[in-house]
Amino acid sequence: YKKGWTNNPFWVLRELIMNQDWGLRSIERRINVDNSSFYTLAQYCDERVPTIDGALMPRYTFNEVVQQQTKIKDYINYVAGSVHTSLREMNGVYYPFMDKPNKPKFFVTPEMIQQTNFQYSSADLESKYNSVRVTFLNADNNYAQDRRTIVDNDSINKYGVIPFEFQAIGCTNVTEAIRQAV
């Protein structure tokens, strides 16, 4: 691995865990990370996706200035959460698990179910958010706080407004903020 500046969330996370001077490893000397998992997810974050204006940019970035003292484990979870990731420690090794789209492994049809009392369940359409407001620091506006709202008008017409608001941690780009809101 090459040392250098990065805004890739998984390389930031790896350094927060492994740095022997100020990271978690300065407290817990015997910990490690699963480098292959971090590398795979770092590549996923670096994958170029289209912006609003058609240019390409990395899928996820993390750009934040630490302005107050925070416990290292809390900050690690904060950064991981910014990219829909949880970290699990098993036998001293930290593994990242990211909630991201995956190809289905197999499809289940009613003919495949042999259990007689099997019940299907799904989210109620009336409880799915249809108006999502994301707050972020906009680099194009001198890092001032900015907001974007994404709406599903068909759902709003049918079920009324079901709002949800969140802050895109470490996000400084309009396109990335909107992508996180969708």
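**A walk through the fold**

Let's start with two helices: α1 (residues 9–18) and α2 (residues 35–46) pack at an angle of about 150°, and their axes lie 7 Å apart. Axes here are lines fitted to C-alpha atoms, for helices over the stretch in contact, and angles run from 0 to 180 degrees between N-to-C directions. Helices (H or I, at least four residues) and strands (E, at least two) are DSSP runs, numbered from the N terminus. On the α1 side you'll find Pro9, Phe10, Trp11, Leu13, Arg14 and Ile17, which meet Asn35, Phe38, Tyr39, Leu41, Ala42 and Cys45 of α2. Sorted by class, this contact of α1 with α2 has 10 nonpolar, one polar and one charged residues. For that sorting, Ala, Val, Leu, Ile, Met, Phe, Trp, Tyr, Cys and Pro count as nonpolar, Asp, Glu, Lys and Arg as charged, and the others, Gly among them, as polar.

A word on what you're looking at: this is a predicted model, where local features need pLDDT of at least 70 and side-chain atom pairs count only at pLDDT 80 or more, while totals for chains, interfaces and linings use all residues. Residues are numbered from 1 along each chain as its sequence is written, and side-chain values use heavy atoms, with hydrogens and water left out.

Now step back to the whole chain. The protein chain has five helices and eight strands, and along the sequence they follow the pattern α-β-α-β-β-α-β-β-β-β-α-β-α. Its C-alpha atoms fill a box of roughly 55 × 50 × 30 Å, taken along the principal axes. Of the 182 residues, 36% count as buried; buried means under 20% relative accessible area, exposed over 50%, and partly exposed in between (1.4 Å probe, protein chains only). Take the contacts (heavy atoms within 4.5 Å) with a separation of 6 or more: residues 24 or more positions apart account for 58% of them.

Next, follow strand β5 (residues 93–98). One face, with Tyr94, Pro96 and Met98, is covered, while the other, with Val93, Tyr95 and Phe97, is uncovered. Two strands pair if DSSP finds at least two bridges between them. Strand β1 (residues 32–33) pairs with β5 in the parallel sense over two bridges, and Asn32 has Val93 of β5 as its bridge partner. Strand β4 (residues 85–90) pairs with β5 in the antiparallel sense over six bridges, with Leu87 standing opposite Pro96. The hairpin of β4 and β5 has two residues between the strands, and there Asn91 takes a positive phi near 55°.

β6 and β8 pair in the parallel sense over five bridges, and Val134 has Phe166 in β8 as its bridge partner.

Why is α5 (residues 174–181) largely enclosed by the rest of the structure? Because six of its eight residues are buried: Val174, Thr175, Glu176, Ala177, Gln180 and Ala181. Among the elements that cover them are β2 (48–50), β3 (56–58), β6 (131–138), β7 (144–151) and β8 (163–167). At the start of α5, a side-chain oxygen of Asn173 reaches to within 2.8 Å of the backbone nitrogen of Thr175.

The loop between β5 and β6 is the place of Asn130. Asn130 is buried, with a relative accessible area of 2%, and its side chain reaches the backbone oxygen of Gly160 at 2.8 Å. Leaving aside neighbours within four places in sequence, Asn130 is in contact with Ile150, Val151, Asp152, Ser155, Ile156, Gly160, Val161 and Ile162.

Finally, the cysteines. The structure holds zero disulfides, a disulfide being a pair of cysteine sulfur atoms within 2.5 Å. The sulfur of Cys45 has its closest cysteine sulfur in Cys171, 12 Å away, so the two are too far apart for a bond. Cys45 is buried at a relative accessible area of 0%, and Cys171 counts as buried at 2%.

Note on methods. Polar contact = N/O pair within 3.5 Å; in protein donor to acceptor, adjacent residues only side chain to side chain.
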